[in-house]
Amino acid sequence: MAYGRPLLGTVLVEKFDLPPPKLEEALALQREKGGRLGAVLVKMRALREDALLEALALQLDLPWLPHLEPRMVDAALVQKVPIGFARRYRLLPVKREEQHIQVATTDPLETAALDDLRILLGAPIQPALTNPATLLTCLNQIYDQATTPTTAEQVIEDLASADNLDRLATALDEPQDLLDATDEAPIIRLVNSLLFQAAKQRASDIHFESYEKGLVVRYRIDGVLYPVLSPPKRLQSSIIARLKIMAGLNIAEKRLPQDGRFGIRTSGRDVDLRVSVLPTSHGERIVLRLLEKQNRLLNLADIGLSPDNLAVMQQLIHLSHGIILVTGPTGSGKTTTLYAALSQINAPDLNIITIEDPVEYQLQGISQMQVNPKINLTFAAGLRSILRQDPDVIMIGEIRDRETAEIAIHASLTGHLVFSTLHTNDAAGAATRLIDMGIEPFLVASSVVAIVAQRLVRQVCAACRRPYQPSPEELARLGLSTGGERPTFSRGLGCPSCSQTGYRGRSGIYELLIVDDEIRRLIGIKGDSTSVKQTAVAKGMRTLKEEGAAKVMAGLSTTEEVMRITQQEVET
């Protein structure tokens with residue numbers, strides 16, 4: 001420390017209200033066990049780490065950066081610093097000033113690393129302090145933007161110009177040589193870059209589709225498939241084999257479907273990938289499902305429910321018994337809705353058990369079981385065992401057959417609250433579907449308390465959203481009145497943030513059918529779904545199309561998106 005600078009303890013007492021007795025206790029511990037005074041105080045919980053770093057900045061006369069964001073960082077400087085070095089020493093160049101480069105750090109006394117950085121950047125360094133969480137978050141985000149790996153297109157170009165392309169394309173005829181072949185580095189780079197780009201663009205699935213004249217790679221982003229790349233046919237076997245190796249599958253078996261999984265880490269995020277391999281007439285096709293481990297579980301208030309439906313759902317999930325069904329096509333967010341409900345009622349005094357296929361996210365405090373048909377652990381078999389575990393709440397991933405439906409109804413009639421999903425187009429069709437499975441209508445009517453139909457609609461990108469006045473024809477398509485003052489809608493123009501699509505993220509639209517006495521009577525007499533729906537609408541149920549129109553009116557989605565998602569609803 002330079003002469004004339006105040007002692008850290010003095011700064012903490014005078015500027016940060018550290019009690020002098022705590023300082024004396026920390027100094028005694030420091031003399032006894034060694035270490036830095038600040039670290040001792042933090043370990044004693046006498047001081048927050050943020051306060052310590054701010055005090056260090058004050059003591060050393062260094063800038064303090066409590067809010068470090070990617071927009072504050074010069075990407076050109078970041079490109080000169082390897083990400084491994086930046087993460088290891090928690091250093092991030094921020095901006096070039098007149099005589100030096102400002103570098104965010106959590107430890108200004110790490111002089112060796114700062115000297116190395118000075119050599120890397122070729123300019124004097126001025127440390128600025130920030131807290132570790134802020135630094136690491138910004139570091140991951142800025143490297144995600146500034147140091148994107150070689151794109152898949154660039155790798156394909158490199159492969160096309162390689163002298164050994166023919167040998168590379170046919171090398172995988174001998175599966176045992178795959179891991180040893182040094183020529184496979186370009187294929188590994190290609191696959192890695194495709195995975196990286198998918199995670200960066202928020203893709204939920206990656207499709208590798210084999211056709212007669214080549215391989216097509218597509219990403220599913222916000223529910224829509226987008227073509228990404230078309231590698232040459234001769235690279236198909238290499239790419240497929242690389243993915244199968246990563247998933248721990250048998251690369252010699254090309255006649256049977258296979259399933260596996262593996263994990264990757266990109267930009268500080270852990271991503272699980274579920275792998276499905278299917279043999280086709282032109283070679284195997286692979287679909288990868290991306291699941292981010294850090295995905296925050298949503299609660300019911302975040303998934304898009306209207307205020308009225310949210311208030312009703314809050315009451316339903318606290319019932320002591322009955323079945324609550326969530327319906328919709330594959331990929332419509334049914335499981336997310338069930339997880340949101342379970343996480344909201346999860347409490348130490350409740351025994352909650354789920355049976356799923358597969359278990360997508362771990363819920364703390366909830367017992368989750370995964371079906372395994374290979375050992376005859378089906379939904380029905382697992383459900384029977386769950387009932388012997390004294391549960392209060394049961395979640396069934398999907399009611400697929402009569403046996404599962406019968407056990408679920410029996411559970412609800414014996415004092416259990418049951419959540420499950422069903423594949424139907426709308427809420428009213430769920431009761432009919434159970435009856436078609438062979439369940440007696442009076443059992444359906446007495447056990448089901450509510451049915452939620454849902455879809456996911458893409459949201460207008462906030463970065464490029466622009467308002468406009470809809471035409472009378474557009475209002476009519478949504479079923480809105482064309483008289484009076486026209487509302488203002490929004491659409492996205494397309495920007496880098498949304499990959500030029502005009503949409504970023506999705507939100508749910510919901511059709512909530514409460515099974516009251518009149519609906520129960522209609523179900524009990526095998527009332528068809530049309531009469532059930534008409535009665536529910538007359539009682540105030542808003543249809544999927546009406547919920548979608550409300551999203552458009554609020555500027556959250558577009559007419560085209562709502563009509564695309566609710567077209568089945570329109571046809572019925």
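**Figure 1. The second largest pocket of the predicted model.** In this predicted model, the second largest pocket has a volume of about 660 Å³. Its lining is made up of 29 residues, and those nearest the centre of the pocket are L8, R36, L56, Q59 and L109. By residue class, the lining of this pocket comprises 17 nonpolar, seven polar and five charged residues.

**Figure 2. Helices that contribute to the lining of the second largest pocket.** At least two lining residues come from each of α1 (8–15), α2 (20–33), α3 (37–43) and α4 (49–60). Which helix gives the most to this lining? That helix is α4, with six residues.

**Figure 3. The protein chain as a whole.** The protein chain contains 24 helices and 18 strands. Of its 572 residues, 48% count as buried. Among contacts between residues at least 6 apart in sequence, 63% join residues at least 24 apart.

**Figure 4. The largest nonpolar core and the surroundings of L513.** In soluble globular proteins, nonpolar side chains tend to be buried together. The largest nonpolar core of this model has 52 residues, and those touching the most other members are L325, L434, L513 and I523. When residues up to four places away in sequence are not counted, L513 is in contact with A427, A428, A450, I451, I519, V532, A536 and M541.

**Figure 5. Strand β18 and its pairing with β15.** Strand β18 spans residues 503–514, and nine of its twelve residues are buried, so the strand is largely enclosed by the rest of the structure. Strand β15, residues 448–460, runs antiparallel to β18 and is joined to it by ten bridges. Which residue of β18 is the bridge partner of L456? The partner in β18 is G508.

**Figure 6. Helix α17 and the residue G438.** Helix α17 covers residues 428–436, and its buried residues include A428, G429, A430, A431, L434 and I435. One of these, L434, is also among the residues of the largest nonpolar core that touch the most other members. After α17 comes G438, which has a positive phi, near 110 degrees.

**Figure 7. Helix α22 and the residue G555.** In helix α22, residues 544–553, the buried positions include L544, E547, G548, A549, K551 and V552. Just after this helix, G555 adopts a positive phi of about 80 degrees.

**Figure 8. V393 in strand β13.** V393 belongs to strand β13, which spans residues 393–396. Is V393 buried or exposed? V393 counts as buried because its relative accessibility is 3%, and the cut-off for a buried residue is under 20%. With residues up to four places away in sequence left out, V393 touches L342, I345, L350, N351, I352, I353, L417 and F419. V393 and H416 are 23 residues apart along the chain, and 5.8 Å separates their C-alpha atoms.

**Figure 9. Y361 in the loop between β11 and β12.** The loop that holds Y361 lies between strands β11 (352–356) and β12 (367–370). With a relative accessible area of 19%, Y361 is buried, since that term applies under 20%. How far apart in space are Y361 and Y339, C-alpha to C-alpha? The separation is 8.6 Å, for two residues that are 22 residues apart in sequence.

Note on methods: Residues are numbered from 1 along each chain as its sequence is written. This is a predicted model: local features need pLDDT of at least 70, side-chain atom pairs count only at pLDDT 80 or more; totals for chains, interfaces and linings use all residues. Side-chain values use heavy atoms; hydrogens and water are left out. On a 1 Å grid over the protein atoms alone, a cavity is a set of points where a 1.4 Å probe fits but cannot get out, and a pocket is an open set with protein on both sides within 12 Å along at least five of seven lines; lining residues have an atom within 4 Å of a point. Grid points are joined across faces, edges and corners, and a volume is the space filled by probe spheres set on the points. Helices (H or I, at least four residues) and strands (E, at least two) are DSSP runs, numbered from the N terminus. Ala, Val, Leu, Ile, Met, Phe, Trp, Tyr, Cys and Pro count as nonpolar, Asp, Glu, Lys and Arg as charged, and the others, Gly among them, as polar. A nonpolar core is a set of buried Ala, Val, Leu, Ile, Met, Phe, Trp, Tyr and Cys residues joined through side-chain atoms within 4.5 Å. Buried means under 20% relative accessible area, exposed over 50%, partly exposed in between (1.4 Å probe, protein chains only). Contact means heavy atoms within 4.5 Å. Two strands pair if DSSP finds at least two bridges between them.
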